[in-house]
Amino acid sequence: MREKGLVHIYCGNGKGKTTAAMGLALRALGQGQQVVVVQFLKNHATGEIKLLEQLDHIRLFRGKAGDHFTSSMTEEERKKTRKIHEKNFAHAQQLVVEGKCELLILDEILDAVAKEMFEEKMLLSFLENRPPFLEVVLTGREASPVIRECADYITRMEKERHPLDRGIVAREGIEY
């Protein structure tokens with residue numbers, strides 16, 4: 001187990017935040033580390049999730065209410081999604097406490113916080129009180145100033161051009 005774990009933020013409007021986080025998961029798994037991934041605001045099977053589910057030493061928690069974007073959710077779906085996120089986060093925290101997690105990826109947590117689908121103070125409390133060995137990755141479009149203060153790495157992905165701008169929709173194996 002490492003002596004000092006750091007906090008990474010992958011943010012911005014560009015493609016690649018989740019991809020970078022999953023690449024780090026593969027790197028850690030390749031070194032025999034235990035990885036936990038909690039995906040917020042996502043529930044459909046993507047290529048990386050299908051593959052990661054087949055590997056040892058990784059636990060995945062994900063989900064939201066409904067199959068549509070959060071902007072189209074009813075208040076009931078938003079409440080249900082918050083409960084799913086809290087439950088998944090609690091499972092991840094328990095694995096951390098049990099020493100069964102060396103890398104924790106909280107994918108799209110920054111957007112969940114921004115959309116009030118997860119409490120920022122819960123995340124901050126966790127980051128401030130995490131075990132010293134735990135490496136943590138946070139992804140999403142933007143991190144609040146107080147979350148940014150917790151980070152050791154901040155990597156911004158910026159869109160310069162994207163196929164969606166020309167009407168090309170997400171493609172299997174590339175965007176999901």
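Trainee: Leaving aside its neighbours within four places in sequence, which residues is Asn43 in contact with?

Mentor: In this predicted model, Asn43 is in contact with Arg62, Gly63, Lys64, Gly66 and Asp67. Contact here requires heavy atoms within 4.5 Å. Asn43 itself lies in the loop between S2 and H2.

Trainee: Why is Asn43 called partly exposed?

Mentor: Its relative accessible area is 27%. Buried means under 20% and exposed means over 50%, so Asn43, at 27%, is partly exposed.

Trainee: What makes the pair formed by the side chain of Asn43 and the backbone oxygen of Lys64 a polar contact?

Mentor: The backbone oxygen of Lys64 lies 3.3 Å from a polar atom of the Asn43 side chain. The cut-off is 3.5 Å, so the pair qualifies as a polar contact.

Trainee: How do you know that the span of helix H1 agrees with its number of residues?

Mentor: H1 comprises 14 residues, 17–30, and at 1.5 Å a residue these should span 20 Å. The end C-alpha atoms are 20 Å apart, which agrees.

Trainee: Which residues of H1 are buried, and why are they said to line one face?

Mentor: The buried residues are Lys17, Thr18, Ala21, Met22, Leu24, Ala25, Ala28 and Leu29. Seen down the helix axis, they fall within an arc of 155 degrees, so they line one face of H1. An α-helix has 3.6 residues a turn, so residues three or four places apart point the same way.

Trainee: What does the face turned away from the buried side carry?

Mentor: That face of H1 carries the exposed residues Thr19, Arg27 and Gly30.

Definitions and conventions: Residues are numbered from 1 along each chain as its sequence is written. This is a predicted model: local features need pLDDT of at least 70, side-chain atom pairs count only at pLDDT 80 or more; totals for chains, interfaces and linings use all residues. Side-chain values use heavy atoms; hydrogens and water are left out. Helices (H or I, at least four residues) and strands (E, at least two) are DSSP runs, numbered from the N terminus. The expected span of a helix is 1.5 Å times one less than its number of residues. Buried means under 20% relative accessible area, exposed over 50%, partly exposed in between (1.4 Å probe, protein chains only). The arc is that of the directions from the helix axis to the C-beta atoms. A polar contact is a pair of N or O atoms within 3.5 Å; within protein, one must be able to donate a hydrogen and the other to accept it, and residues adjacent in sequence count only if both atoms are side-chain atoms.
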